[in-house]
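Let's take a walk through this structure together. Have a look at the model first, and then we'll go through it piece by piece.

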Amino acid sequence: MEGLIGLGYLGLFIASFLAATVLPFSSEVVFSALVYGGLDSWTCVFVATIGNWLGGMSCYYIGRLGKIEWIEKYLRIKKEKLDKWLNKLHKHGDWFAFFSFLPGIGDAIAVASGFFRCNIWIVALAMLLGKFIRYIVWMYFHGIIF
């Protein structure tokens, strides 16, 4: 973590990208350290949002490849978990990708969106909005803004 914090905005981008994959990583720690360390909070929001969004979209594309063996091996998401999200995706549509920011299930939502061929434009927009709001809420609850 300290190495990423030392990289400033680039470290935040890397941390938020990795946090949006199945790696057990918390971009919020790097985000908070940089904001409390004096970096501009809104620039941190935008950098973290873009990094987290691109990480989520990489999960979408891995899902889109449709190789369940790769998804299970590299992302450690079981087919049963993807099947569980199939009904939810069909019921709530492509906008369900908004919730890809949620810890624990967000990666599965992003991968399932790709695996089930959800509309990429809607998924990308919904995911971007969700991840942006995630960092705004984080700042609010930690007294960084407002």
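How many aromatic pairs does a search of the whole structure find? The search turns up six of them. Here, rings of Phe, Tyr and Trp (its six-membered ring) pair if their centres lie within 6.5 Å; planes under 30 degrees apart count as stacked, over 60 as edge-to-face and the rest as tilted. One of the pairs joins tryptophan 42 and phenylalanine 46, which is tilted, with 6.5 Å from centre to centre and 40 degrees between the planes.

Before going on, a word on where this comes from. You're looking at a predicted model, in which local features need pLDDT of at least 70 and side-chain atom pairs count only at pLDDT 80 or more, while totals for chains, interfaces and linings use all residues. Residues are numbered from 1 along each chain as its sequence is written, and side-chain values use heavy atoms, with hydrogens and water left out.

Now the overall picture. The protein chain has eight helices and zero strands, where helices (H or I, at least four residues) and strands (E, at least two) are DSSP runs, numbered from the N terminus. Of its 146 residues, 43% count as buried, meaning under 20% relative accessible area, with exposed being over 50% and partly exposed in between (1.4 Å probe, protein chains only).

Tryptophan 42 and phenylalanine 46 sit four residues apart in helix H4 (residues 41-64), so about one helical turn separates them. Tryptophan 42 is partly exposed, at a relative accessible area of 36%, and phenylalanine 46 is partly exposed too, at 48%. Phenylalanine 115 and phenylalanine 116 make an edge-to-face pair, because their ring centres are 5.0 Å apart and their planes are at 85 degrees. Phenylalanine 115 has a relative accessible area of 21%, so it's partly exposed, and phenylalanine 116 is partly exposed with 21%. Ring pairs also tie Trp42, Phe46 and Phe132 into a cluster.

Finally, the surface. Trp95, Leu125, Leu129, Ile133, Val137, Tyr140 and Phe141 form a nonpolar patch there, with about 710 Å² of accessible area together. Accessible areas come from the Shrake-Rupley method with a 1.4 Å probe; for residues, only the protein chains shown count as cover. Leucine 129, one of the patch members, is found in helix H8 (residues 120-141).

Key. Patches are made of residues with over 30% relative accessible area and no salt bridge: like charges are joined within 9 Å, nonpolar side chains (Val, Leu, Ile, Met, Phe, Trp, Tyr) within 5 Å. A salt bridge is a side-chain nitrogen of Lys or Arg within 4 Å of a carboxyl oxygen of Asp or Glu.
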